Structure formats: structure tokens, C-alpha cells
Amino acid sequence: MDESMKKEAAEMFAAHGTSFSEGVRQCIAARLAGNEDSAILLDGKTKKEAETVLADMGLDVKTAVNIFLKEVIRTGCIPFAVQSGKAPSTYALVSLEQESETAAQDQSANISIY
């Protein structure tokens, strides 16, 4: 591997929060595993945070990713809502609808019939 390839690989691994040596180790492990396993480059901070949460559920990252992928295959879609940061939140819309209903009820409660 020439120096330019090493630099490019190091930058790619760093972008995912992985050291060069760890990234190479993951790639070699995936290659040696053949078709049975695949390597996924994850942001280091995200992976550590997920490991903490998943450990409380008795899961590791590999198992959680496999659960996610099997659910994608089973349902044919991503098993949770995905939207851009610019899209209005579903929770905000529900909250607005509830506020509207509450306001309507308050107005009808204040109407007096003579």
C-alpha cells in the first residue's frame, strides 16, 4: 500500500471515528469471514453510546444491526419514521391538534344560552 492510499484510508477511517489500525483490522476480519459477516464503519462516538444503551437491553451492536436489517426485510421499509430536520415533527403536529381541540372545548364551555 503506497503512502497516498494509506493517507486516504486513514482519512476515511477517521471520518468514521476509527483509528487506522482498527479500520484495517475490521476490514481484514470481514475479508477473512467471507460472506458470513460484513464490516460496517460506524462513528466511534455513536457506536460507544449505542453499546452502552444496548448493553442495558442485553444486546450488542452486531445483534441490534441484525435485528434492524431483518425487520427491514420483513416489512419492506425502515421500521421507524425518517425525516429531515426541516420537516415538522409528528409530535409537534399532535400537540397542535390537541391544543386546537382543547381550545375548541374551552370556547364551547364559555357559550351561554339565554
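Figure 1. Lys-6 forms a salt bridge with Glu-3, and the closest N and O atoms are 3.6 Å apart. A salt bridge is defined as a side-chain nitrogen of Lys or Arg within 4 Å of a carboxyl oxygen of Asp or Glu. Side chains of opposite charge can pair when their charged atoms come close. Because Lys-6 and Glu-3 are 3 residues apart in helix H1, about one helical turn separates them. Glu-3 is exposed, at 59% relative accessible area.

Figure 2. Helices (H or I, at least four residues) and strands (E, at least two) are DSSP runs, numbered from the N terminus. Helix H1 covers residues 3-15, and its 13 residues should span 18 Å at 1.5 Å a residue; the expected span is 1.5 Å times one less than the number of residues. The end C-alpha atoms of H1 are 18 Å apart, which agrees. Just after H1, Gly-17 takes a positive phi of about 75°.

**Figure 3. Thr-18 in the loop between H1 and H2.** Thr-18 lies in the loop that joins H1 to helix H2 (20-33). With a relative accessible area of 10%, Thr-18 is buried. Leaving aside residues up to four places away in sequence, Thr-18 touches Phe-13, Gly-23, Gln-26 and Leu-42, where contact means heavy atoms within 4.5 Å.

Figure 4. Glu-49 forms a salt bridge with Lys-45, with 3.7 Å between the closest N and O atoms. The two residues are 4 residues apart in helix H3 (residues 44-56), so about one helical turn separates them. Glu-49 counts as partly exposed, at 45% relative accessibility, whereas Lys-45 is exposed, with a relative accessible area of 59%.

**Figure 5. Helix H4 with Arg-74 and Glu-71.** H4 has 15 residues and reaches 21 Å from its first C-alpha to its last, close to the 21 Å expected at 1.5 Å a residue. Within H4, Arg-74 and Glu-71 lie 3 residues apart, about one turn of the helix. Arg-74 forms a salt bridge with Glu-71, the closest N and O atoms being 2.7 Å apart. Arg-74 counts as exposed, at 62% relative accessibility, and Glu-71 is partly exposed, at 25%. Just after H4, Gly-76 takes a positive phi of about 75°.

**Figure 6. Confidence in the elements of the model.** The mean pLDDT of the protein is 77, and 68% of its residues reach 70 or more; pLDDT is the predictor's confidence in each residue, from 0 to 100. Among the elements, helix H4 (residues 61-75) has the highest mean pLDDT (92) and helix H5 (residues 90-109) the lowest (59). Where pLDDT is low, the predicted coordinates should not be read in detail.

**Notes to all figures.** Residues are numbered from 1 along each chain as its sequence is written, and side-chain values use heavy atoms, with hydrogens and water left out. In this predicted model, local features need pLDDT of at least 70 and side-chain atom pairs count only at pLDDT 80 or more, while totals for chains, interfaces and linings use all residues.

Key:
Buried means under 20% relative accessible area, exposed over 50%, partly exposed in between (1.4 Å probe, protein chains only).
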